[in-house]
Amino acid sequence: MGVFDDHKLEKLDWMTAMTETIESHLNDLLSRLPDRTLVSPQAIIEASSSSYLSFSVRSAMHELNRQHQREINYYLSYEEERLLLECFEFQVTGEPELDLRTGTLTGGTIEVVKIKNAFSDEELQPIMGQRGLEELGRGRDYTGPDAPFERMNEILDILGGCQEALSSRSGKKKINAIRDRLKKIFTTNEWRIRDMALADKVGKWVKGYISEGNLADLTNLCKLKVMTHNNMPIYSVKEEQ
Amino acid sequence: MNELDKIASSFGVSDPVFKIKLGSHGDLEFEVKNEYSPPIVTNDPVYAIVRKQWNESLDKGRKCFTKYVDTKTAYRAILDTVKEVYNAKSPLKNPSQSVMYQWLCKQEYNGPTMPGFIGLYRYIINNQIGDIRDKNDPRVKNVLAVLELMKEKHEA
């Protein structure tokens, strides 16, 4: 297998490869969650505050995640959770009543129902790579005389289109330019990265090289950049460890 | 136990049974099935003023509603009414500067004068003293006379 081969792309069915559908752990997570789940009175009571009963789709999702913990090991970012919540809604049948004294629900049922089975690329594209970008941290982490200016410049060079930041002496400006450039690359699909997990790694590689001088991370980023010249969608990179 | 606390102790709370329905934003909404409210007693202004201070809050841990009746606020409202009537009906030029008014301002919850002010408040509201324009009306004079007697008795 060559250094720049995309093993995931080779394994994809022809339709996915042709349409360049985004591969996402969110779709995997969504498919594992049940289509219908009965809401128990205990779940409602536990999710409520000490003086106010409330139960939202978010509360129901936390309960679902808890029940399926063996299968689901992701932590979700705010945007990912928001997308997932939109796939579920409550369905109330009858006229349910909750008696707090006995902890019982009578007169009807409440279910959390899945109303969507997959996320479209239009929904996933805006949040692509976000988790990795969060790893970059704050601008002020890159200030001071010990800031790794040279490594930041190398990254800016690889990403391209950051001439102003290259000539700046501010570490904060450089890292913000890196962040903005990566956001643009992801949201406009400039590099044709079609795997969410891979997109998340980009920010981590950038952080790993800038902060720790991790050459494996730099190598991975460079490989990815080279693969963008293949004029093919990218689903995976043969990573250096 | 003072009279306001006795009235408060007669109030109940709702049963913690909730009707559940779908809200406009997609979340569940909870409504108390049989919401309790203290009964309305129309002929007792003191009861009415204590009733206004009733409220209940859910205690999830104890699985019930607990009531809270702010009788101190109710008593402050009673004293405020007495002070207003005194200011409005006193023959003095500047009643709010008077010794009587100063004394009224010093009265405390659960103090020895509390039963007297509760009774006086009842008289004031039942006889609509506030609406009487004639300061020589015997009912107005009664109020002022009772105030003087109370002050004399409790200052001694």
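Below is a short exchange on the cores and the chain contact of this predicted model.

This is a predicted model, in which local features need pLDDT of at least 70, side-chain atom pairs count only at pLDDT 80 or more, and totals for chains, interfaces and linings use all residues. Residues are numbered from 1 along each chain as its sequence is written, chains are lettered from A and ligands numbered from 1 in the order written, and side-chain values use heavy atoms, with hydrogens and water left out.

Visitor: Which residues touch the most other members of the largest nonpolar core?
Guide: A nonpolar core is a set of buried Ala, Val, Leu, Ile, Met, Phe, Trp, Tyr and Cys residues joined through side-chain atoms within 4.5 Å. Buried means under 20% relative accessible area, with a 1.4 Å probe and protein chains only. The largest core has 70 residues, and the two that touch the most other members are A:Ile178 and A:Leu182.

Visitor: Is B:Ser90 buried or exposed?
Guide: B:Ser90 sits in the loop between α3 (71-89) and α4 (99-105) of chain B; helices are DSSP runs of H or I, at least four residues, and strands are E runs of at least two, numbered from the N terminus. Its relative accessibility is 2%, so B:Ser90 counts as buried.

Visitor: Which strand gives the most to the side of chain B that touches chain A?
Guide: Contact means heavy atoms within 4.5 Å. By that rule, 17 residues of chain B are in contact with 23 of chain A. With five residues, the top contributor on the chain B side is β1(B).

How values were computed. Buried < 20%, exposed > 50% of the residue type's maximum accessible area, 1.4 Å probe, protein only.
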